[in-house]
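Open the structure in your viewer and keep the selection tool at hand. We will hop from one stop to the next.

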Amino acid sequence: MESSTGYRVRVAKEGGLPIRGSIQEQPASVALIVHLDQPIRFSILHTNDLHSCFEGLGPDAYFSPNPEKKDPIRGHYARLGALIRKTRTERESRGEAVFLVDGGDAEFGSLFHLLGPRSDHPDMPEYRFFHDLGYDLLGVGNHFFESGSDGLLTVWKKVDAQKLRLPFLLSNAVFLDPSGVVAHRFKPPPQPPGTTGFHRLMIREATIAGQTIRIGWMGLIGPYGAKVCLANRSGLSFIGFDDITGRERSGALHDHARELVRELREVHRADMIVAIFHGGHPEDRALAMAVPGIDVIIAGHTHAPYAETHGKTVIS
C-alpha cells in the first residue's frame, strides 16, 4: 500500500529461529513529513533470536542447501544466508534500497554459543555471520550479556582482531562503569554507516532516482529483556527497568523513546523513524501506542513471526 506522500516500505522478516521457505513480506503504509515526486521503495530485511542455531533443528543427514527441497530441517544459517543474499539482490535489481538488520539475541541456544566467549577458539561465529552477510544495523538482546564481563571481553577482542563490521544500536543504556566492554566501545556521533561498536542513534538514507529520505534508527531493550539479563550484565542498566527494586518501568521507556523521536526528527532531520526493539508482545504494541512517532518497530525476544499495524506504526 502507498501513502499519500508517495512512500512505500516493505518489511520482510525471518522470525525466531531461521525458517525454511520464502521471506515473509508485509507491505505497509506509513505517513511521512516529506512529499515526493514518486514513490521511494525500500525494504527492511530482518532477523531476530537466531540463538546460535547454525545447523537448524532436525536430523543433519537430511539437510539440503537447496531451499526448494522439502527436507525436515527447520532453519540453518547457510540456507538463511542464501535466502538473504537472493532477496537483497532481487530487490536491489528492481531499484529498491535494502536495509538488513537483526533484532537481538543472536547468541546462546546451541553448543556453538560456547565458541565465541572461549579464548582458545579464534572466532565468534554468530558475529562472523553478521559480518559476512553485511548487516546494516544490529540490536542488542538479553542474551548478549550471557557470557558475563569476561566472556564479552574475549568476544570483542576477537571482533577487534578480525576487524568485523558490527554496528550495534543501543539507545536506552545507562553506563555505570565507563570502562565496561560496551561503554568503552560506544561511538560518539556522527559515525560513518557500518562503524563497528555501539551507537545511540543512527541516520541512514535511501536514495532512488535522485530522491532521498532520511531514516532515523534507535535500538531499545524492553523492560522484561532488561530484567532477565540483570544477573549477567554489569556496569550498565537500562531505562525501562529499575535494577534496585526489580520493577519494570514501561512509562520511563516510553518517555525516553518519545525524546529520541523528537531528537531524530528535529536535530537529525529524520523523515521516518525505525526502532529495533528487543521486546516482543505485548511490549511492542504498548510502545507503538505510547510513541506514535515511531513508524516501524522491528521486534524480537518472543520468538514469534508476525506483522501488524497499530495506528500508523508497523510492527514486525
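Predicted model: local features only at pLDDT ≥ 70, side-chain atom pairs only at ≥ 80, totals over all residues.

Residues are numbered from 1 along each chain as its sequence is written, and side-chain values use heavy atoms, leaving out hydrogens and water.

Select H1, residues 77–93; helices here are DSSP runs of H or I with at least four residues, and strands are E runs of at least two, numbered from the N terminus. H1 has 17 residues and reaches 24 Å from its first C-alpha to its last, close to the expected 24 Å (1.5 Å times one less than the number of residues). Its buried residues include Tyr77, Leu80, Leu83 and Ile84 (buried is under 20% relative accessible area, exposed over 50%, partly exposed in between, with a 1.4 Å probe and protein chains only).

Next, show Tyr77 with Phe129: both are buried, and they form a tilted aromatic pair, 4.7 Å centre to centre with 55 degrees between the planes. Rings of Phe, Tyr and Trp (its six-membered ring) pair if their centres lie within 6.5 Å; planes under 30 degrees apart are stacked, over 60 edge-to-face, the rest tilted. Phe129 sits in helix H2, so the pair ties together parts 52 residues apart in sequence.

Finally, pick Met124, in the loop between strand S4 (97–102) and helix H2 (125–133). Met124 counts as buried because its relative accessibility is 5%. Beyond residues up to four places away in sequence, Met124 touches Glu107, Gly116, Val155 and Lys158 (contact means heavy atoms within 4.5 Å).
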